[in-house]
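Here is a short briefing on one protein model. Keep the structure open while you read.

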Amino acid sequence: MTAPAGFTIEISPDGLEARARFAAAPPASQEVKDALAAQGVCHGILHDEIEALGAAPGGVKAAVLVASGDPPVAGSPGRVEKLVEPGGTVAPRLFMDGSVDFRQASRFTRVKKGARLFRRVRSRPGIAGVDVRGRPIPVLAPPERDFSFSPLSFVPDPDDPTFQVAACDGVLVETEEGLAIRPELVIVIEGDVGPTTGNIDFPGHVAVCGSIRAGFSVKAGGGLEVDGSVEPCSIEVRGDLVVREGILGARGLSVAATGNAAARFAENARISCGGDLLLERSALNCQLTARGSVYVRGNLVSGSTIASRRVEAQNLGSPLGVPLQVCLGYTSAVCDALDAIFDERVEIGRRWGELAQEGARLAGQGFLKHRDPGRVPEGARERARALLMEVAALEESLERLAARQNDLIRDKRAAVPDATLVFGETLHPDVAVHIGSLSARFLESIAGPMSLTGKALVRAATPVALWLAEPFRFKVEEGLREVGYRNFLLPPQGILGGDPLWLAAARMVFLEPAQAGAEAVGRFAQMRQAGRLPAVRIVGFSTGDPVQDRTLLEALSVDVWVLAPKGELKARWFAQTPLDRIL
């Protein structure tokens, strides 16, 4: 049968489809089958579609699928499925805002002998296809991969060889050669480290499911994880340290790690680490040393903190003015030396307290202040003299340590660049900060957030008194803030022309004599001449009267005298004037 005009059979280039195209009335089903046979189409003929095509109304222009081949199905290569994952770093995750997520801290992947660790899935061959002319379409065989396992760590499962099981108890680790089990890496303490376990000294990782009780010690050749708390004890870790609760310390006991260290909080503890130190909540009366940085999400209160690169806390110090010393920007060797100095100071302070108690028993309170052996009974005077000699020796030791500390922090060769102190809310009074060779002690609270480096530290800590008329004071304060000054002292209410004793806490005074009043200026001059304000430096503003300016300049010994009229004083003057040199 001859195909009608306008009717053709089209076969796709890949041979997987044959379509009937017609321009006028659709051909009869037998005409379509004859046309397919004429082109050799013998596979995948769609008889239902062909019958439906013959029943279609005329005048329809279309290309209808009338035969469909079978495409090839690709195979899959062999693979190995991990049934467990090796553990990563034991350090918790630190976020940009300084918070610490302890849930992200990975644990050691401990495995037991015979545990299934891998499943070997062999390659699956593909399925060849067939085109509409009945010709096969070949498919490439998937590659066979050779998976080898260390026989020291993994062996085939005797019940099912497709599985690899642990050859021994240990920790699953990732090495340069691949995955391995190191049997010596971990010991697990199911409860507390205490009387039932004794002291722990292990060459690998130690995992404590409970707490470490007071008086016991733990030495680990790898990392240490403690699910509970650490009571006053001695810890030495040659790796990372993670304590999920707090660290409590006591005199003579310390916690040391060569890697990073992290805990929820610390109190009365001495902690040192070779990396970063992370505390989720607070540190109270601690001696902290990190060769990296110290991050405290909450309050860093009292004690001392030493770091090479960075110290961050929400609040520094205490509203009660409890002393806190922060040293940062030093090499590891200097950090170690400062740590040793603070150790000696703590021991001296402890001994000083014991001598003070003994002196109180001998002669009542105040014995060390008066240091008079005649205040004690005759039989105790020799002991009192010996006590005073020991006190004098302790004072000499403190002076020696202070000199040694100053030498260390002023050595610019030991400085680490870009060291930074950051606090989010408040830096409280009586916080001493040393950044490289620069030092400052904050006498007043400073509001944050603030980041201090280099000279910005000195400027922010400098108590500046503004003895100026109010409109002019705002302008001067604005200019000083632009160049980093933050600690401003203002006259008590109603004292503008009165007693200048409030200036005693200042290191720099911005003075407008016309506003201060002649009587107050006279008292101020007397105080300075008498040495009652030895650290104060004065910046004076012109009164506009040359004769009065000269008189006040001589009376006050002004260090910097601003002759420009107040109305023309620009904020950039403070950036151009070397105020740092007169401190």
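Thr 289 counts as buried because its relative accessibility is 0%; buried means under 20% relative accessible area, exposed over 50%, and partly exposed in between (1.4 Å probe, protein chains only). This is a predicted model, where local features need pLDDT of at least 70, side-chain atom pairs count only at pLDDT 80 or more, and totals for chains, interfaces and linings use all residues. Residues are numbered from 1 along each chain as its sequence is written, and side-chain values use heavy atoms, with hydrogens and water left out.

**Around Thr 289**

- Thr 289 sits in strand E26 (residues 283-290). Helices (H or I, at least four residues) and strands (E, at least two) are DSSP runs, numbered from the N terminus.
- Leaving aside residues up to four places away in sequence, Thr 289 touches Ile 271, Ser 272, Cys 273, Ile 306, Cys 335 and Asp 339. Contact means heavy atoms within 4.5 Å.

**Nonpolar cores**

- In soluble globular proteins, nonpolar side chains tend to be buried together.
- A nonpolar core is a set of buried Ala, Val, Leu, Ile, Met, Phe, Trp, Tyr and Cys residues joined through side-chain atoms within 4.5 Å.
- The largest nonpolar core holds 57 residues. Which of them touch the most other members? They are Ile 212, Leu 224, Ile 247, Leu 288, Leu 300 and Leu 421.
- A second, separate core has 16 residues, including Tyr 330, Val 334, Leu 338 and Ile 348.
- Beyond four places in sequence, the contacts of Leu 300 include Ala 283, Leu 288, Val 311 and Leu 324.

**The sheet with E4 and E8**

- Strands of a sheet pair through backbone hydrogen bonds, either parallel or antiparallel. Two strands pair if DSSP finds at least two bridges between them.
- Four strands form an open sheet in the order E4-E8-E12-E11, with antiparallel pairing.
- Its edge strands are E4 (79-82) and E11 (154-156), and each pairs on one side only.
- From one strand to the next, the twist averages 30°. Axes are lines fitted to C-alpha atoms, for helices over the stretch in contact, and angles run from 0 to 180 degrees between N-to-C directions.
- E4 and strand E8 (residues 116-121) run antiparallel and are joined by four bridges. Arg 79 has Val 121 in E8 as its bridge partner.

**Strand E30 and its partners**

- E28 pairs with strand E30 (residues 420-427) in the parallel sense, over six bridges. Ala 313 has Phe 423 in E30 as its bridge partner.
- Strand E34 (residues 450-452) pairs with E30 in the antiparallel sense, over three bridges. Here Val 422 stands opposite Ser 451 in E34.
- Strand E33 (residues 446-447) also pairs with E30 in the antiparallel sense, over two bridges. Leu 427 stands opposite Ile 446 in E33.

**The loop at Gly 321**

- Gly 321 is in the loop between strand E28 (310-316) and strand E29 (324-328).
- Gly 321 and Glu 444 are 123 residues apart in sequence, yet 9.2 Å apart in space, C-alpha to C-alpha.
- Not counting residues up to four places away in sequence, Gly 321 touches Pro 429 and Asp 430.

**The whole chain**

- The protein chain has eleven helices and 39 strands. Of its 583 residues, 44% count as buried.
- The average pLDDT is 76, and 73% of the residues score at least 70. pLDDT is the predictor's confidence in each residue, from 0 to 100.
- Over residues 101-107, pLDDT stays under 50.
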